[in-house]
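Here are a few notes to read alongside the model.

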Amino acid sequence: MHHVTKVHFGPLLSEVRTKIDSKRPILRYLVDRREGLKNTHPKELLVSEFSCFHSPFSLPDIDLAISLLLSFAKSKKKILLYGDRDSDGVSSTCLLAFFLRSHPEFVNANFEVLVSSESDPYGLCKEAIVKIKNAKPDLLVTLDFGSSQADEIDSLTKEGIQVIVLDHHEVPVRIPKNCALVNPRRIDSTYPEKKICTAVLSFKLVSAILFRLSSEWNKLYSKAITDENGKSEILYFLNGIQYSKEQLDSFQNQKNSESLDISNTLPYPVDFTTNIPLDDERKLFYYQCQKIPNFFEQLEEETDLAGIGTITDMMPLIGENRHFVKLALDSLTKLYIGDKKRKGLKELLKELKLNPNGITTKDLGWSIGPVVNAAGRMGKTEEAVSLLLSESETEAKTRAKLLLSINEERKERTKRNMDRVERYFARKPERTTHEVVFCYEPDMEPGVSGIVATRMVDTYKKPAIFIAPDNGDARGSIRSYGPENVLLLLESLSEYFLHFGGHPEAGGFSISIEQIPKFEAALYEKAKLWLNEDKDRPTEHLIETDFTVLPEEMGEKLLKEWKDLEPFGQGNPDIKLGIKNAKAIHLTPLSGGKHVRFHIVGSGSLKFMIWNKGEEFQSFMSKQGSFDLVGSLEENLYQGRTSLQFIVEWFGKSEM
């Protein structure tokens, strides 16, 4: 841990309080340092409510998706929801399934739910196509995959199966025809947010259906404005989207819709006020939604799975994602202590022994998400779906216990693989010198390649690839170390894969075992070219802290100064603190020395924790009288009691 090249220590708290002109200087300083937050209105930064959401009707093909679902439900033709195996795929599938089976418009619909298994290659692979054809749907809805599989979708539509794709992955040049592709990353998408997960898209589809079924659907509003040159113009708003007259005419022609009578519009509600200052589109859409009976009550509980998908799929916690997670935490807390329809999710919260006084972002990312993900990793995705869709407490309790046992299996498999990885690199240390760290051996176990690749990144501070055999072929995961786009590397090596896909930060692929040596041989040269093209890539490992703190400054009072910045995650990282010249006392080894707990002089009763580097820390301490620390303050719940602790990310002697 002390091998980090450089640490840049941020300013002292006293310096910030002196220099920043604000009632809350620490919070102001932190917001201004975060690119995704600094231009957010203070009220929207502090408060999350449904008024913060954009209208779903700027998502491409969402009108077509709604029409297909309503039409096929009414005619009782079969609708098949087919979700991906990961937490976002499961969350998005269950969110939509919950809605379809409970809303009066769909209660008699003929629909079925399927999910991919870990043994299946990604997306619409041949195994998935077989399952779909066996199910004989009239309408197929894929969730969390499908954007890059135009050929497979074309083959299904030729057989008379209508297709809706809800997905947020990168969209290639050729997109499926005769298909409703609801993806904010489409080039023609005007949706303001691009990086939202599929569970959020499910939520957007549900909210759009509710709006479509209301009397507010297709009501036209108008607002007269005058620009700085005195020129007057009338803006029109339809279903929460702003249009000029020319745009509205063009929109109508494209949709082949009946002409709207723009002389008979409703006035924009200029006197309508909201708690948060909003742009015209969001303000009007919220105004219209408020007029729909029970609109927000129906959506409140739907935020929980949208929030889980957002956190577990590592979406940036800015913009709408931030609001979804905050609303999800409120919804899950109410679910825990109340009587809501999500029986399975409630029993999972209880089995995890989470704090009933308030579910946290950490709970989503470190407790709920991994358990849901574990089912897919272990080839038992349907168990996670069965739990989340459970309709009785008895069934839910049984399934929650089963899911936790599956997660324990996943932990043991991860541990065995990590032991093998360590032995692998001990035998072949030269493999850690390449631009990308690569690991494959025939005795590796499948299902946890993403976790192992992530840990390889943490250890070697480089992009990492881990491959394990799986059902006759092999499955691999790649994880980025910095801002590099791993999909570009996979594309340059695509000739070796059966399938590949993912995000810029994390990708996956399937490969035949006989291709692995050729793939590895080509990998290192391609990786050099790939990284050389990234001119902004740092050449040394640097840790930057937000503040430098004195031991006596840390405590609950300090934590409260940035509490309003939560939730923390991608795009809005937890506050990183640096401590210089610390001296440890009361050192306690844990788990045979694997972890260590200690105090430092001047910090009172605050506990400091180092995970997985206990022996290294003790060895370091035997040679050093004092040291520098980097880490974060966090609340810890143990046996019903909450305490504050400092989680150490790095220790050593810094060079800066």
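**Backbone and packing notes**

1. Asp144 sits in the loop between strand S4 (139-143) and helix H7 (150-157); helices (H or I, at least four residues) and strands (E, at least two) are DSSP runs, numbered from the N terminus. Its phi is near 85 degrees, a positive value in a residue other than glycine. Asp144 is buried, at 0% relative accessible area (buried is under 20%, exposed over 50%, partly exposed in between, with a 1.4 Å probe and protein chains only).

2. Before going on, please keep in mind that this is a predicted model, where local features need pLDDT of at least 70, side-chain atom pairs count only at pLDDT 80 or more, and totals for chains, interfaces and linings use all residues. Residues are numbered from 1 along each chain as its sequence is written, and side-chain values use heavy atoms, leaving out hydrogens and water.

3. Lys76 also has a positive phi, near 60 degrees. This residue lies in the loop between helix H4 (62-74) and strand S2 (78-83), and counts as exposed because its relative accessibility is 53%.

4. A cis peptide bond joins Glu566 and Pro567, with omega about 10 degrees. Pro567 is in the loop between helix H21 (556-560) and strand S18 (577-582). For context, most residues other than glycine have a negative phi, and most peptide bonds are trans.

5. Thr310 belongs to helix H12 (residues 303-312) and is buried, with a relative accessible area of 0%. Leaving aside residues up to four places away in sequence, Thr310 touches Cys197, Val200, Met315, Leu317, Asn321 and Val325 (contact means heavy atoms within 4.5 Å).
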